[in-house]
Amino acid sequence: MKNEHQNRIRQAVRERYAGIAAQRTMGCGCNPPSTINNLNAIPAETVSRALGYSKDDIQSVPEGANLGLGCGNPRAIAGLISGETVLDLGSGAGFDCFLAAQNVGDSGRVIGVDMTPEMVEKARQHAETSGISNVEFRIGEIEHLPVADNSMDVIMSNCVINLSTEKQAVFNEAFRVLKPGGRLAVSDIVATNPLPSQVRQDLSLITGCVSGAECIEDLKQMLFEAGFKDVRIELLAQSREFIKEWFPGYGIEDHIVSASISAIKPVESNKDVR
């Protein structure tokens, strides 16, 4: 059973991103809640270009799918090819899913999972109005994926796993649903220095993709514990510039950084699928 603290965080995250979906907020979702209605928020396209997406990427997806959320470009490390089946953890309005759908083609499939009904509905509308048939969106928690065992070639995620209070469960589930030889390609926030206790306890910083950041060695241990091999965590030093914009004056850029996280599910494994 989840404890009261975990439930409080989960509900706060759900409410935060439901608000972003409903208000068509542009700009990074990792900004403080007070900026949700800020007309001077950084445009989503500007944010995405800073995260490594090309102008063609941004213009090739349905209008409104890019909310300017995230901390990197997981598709850039996923190496997607035609015919693959891809799962996106925390898919939001579908931005990364629609891009992945272009890579896997009509013979492939992309599934997005998000726990926020408003986001899932938004993504489904984008797919329907744009006639994109090789994507689907499911409501679900990334700790309890609504996906069959050994069914995915690739799992992507963009600045979402840090929001979970049960990261080991997330990685266990990712391992379960990946096919043997399947790969994990994640952009997320990691801690390079211990976060001050007041930062760890600040709910706005938790829902803002900061306080849930784990240190690199702990993340590696979780991935190995889940059963993954060839674990790589590459820090993106340039991300400190846009992280500084998230919560000005907090100095959080001295404690966290965006990272590209990759791993492989072994073709043969002694680990039981849970």
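C71 takes part in none, and its nearest cysteine sulfur, that of C159, lies 3.2 Å away. Seen from C159, the closest cysteine sulfur is that of C71, and the 3.2 Å between them is too far for a bond. C71 counts as buried because its relative accessibility is 2%, where buried means under 20% relative accessible area, exposed over 50%, and partly exposed in between, with a 1.4 Å probe and protein chains only. C159 is likewise classed as buried, at 4% relative accessibility.

The model is a predicted one, in which local features need pLDDT of at least 70 and side-chain atom pairs count only at pLDDT 80 or more, while totals for chains, interfaces and linings use all residues. Residues are numbered from 1 along each chain as its sequence is written, and side-chain values use heavy atoms, with hydrogens and water left out.

Helices (H or I, at least four residues) and strands (E, at least two) are DSSP runs numbered from the N terminus. Strand β5 spans residues 178–191 and is mostly covered, with 10 of its 14 residues buried. Pairing of two strands requires that DSSP find at least two bridges between them. Strand β4 (residues 152–158) runs parallel to β5 over 6 bridges, and M152 has L178 as its bridge partner in β5. Together with helix α7 (residues 167–177), β4 and β5 form a right-handed β-α-β unit; right-handed means that, with the strands pointing away from the viewer, the path from the first strand over the helix to the second runs clockwise.

Strand β5 also pairs with strand β8 (residues 256–264), in the antiparallel sense and through 9 bridges. Within that pairing, L184 has A263 in β8 as its bridge partner. A further parallel pairing, over 2 bridges, links β5 to strand β6 (residues 214–215), where V190 stands opposite E214.

Helix α10 (residues 216–226) has I216, L219, M222, L223 and A226 as buried residues. These cover an arc of only 125 degrees around the axis and therefore lie on the same side of α10, the arc being that of the directions from the helix axis to the C-beta atoms. The buried residues of α10 pack against α7, β5, β6, β7 (229–236) and β8, contact meaning heavy atoms within 4.5 Å. G227, which follows α10, has a positive phi near 120 degrees.

An α-helix has 3.6 residues a turn, so residues three or four places apart point the same way. After α6 comes G131, with a positive phi near 65 degrees.

R138 is found in strand β3, and at 24% relative accessibility R138 counts as partly exposed. Beyond residues up to four places away in sequence, R138 touches I111, G112, V113, D114, V120, R124, P146 and V147.

Notes:
Disulfide = S-S within 2.5 Å.
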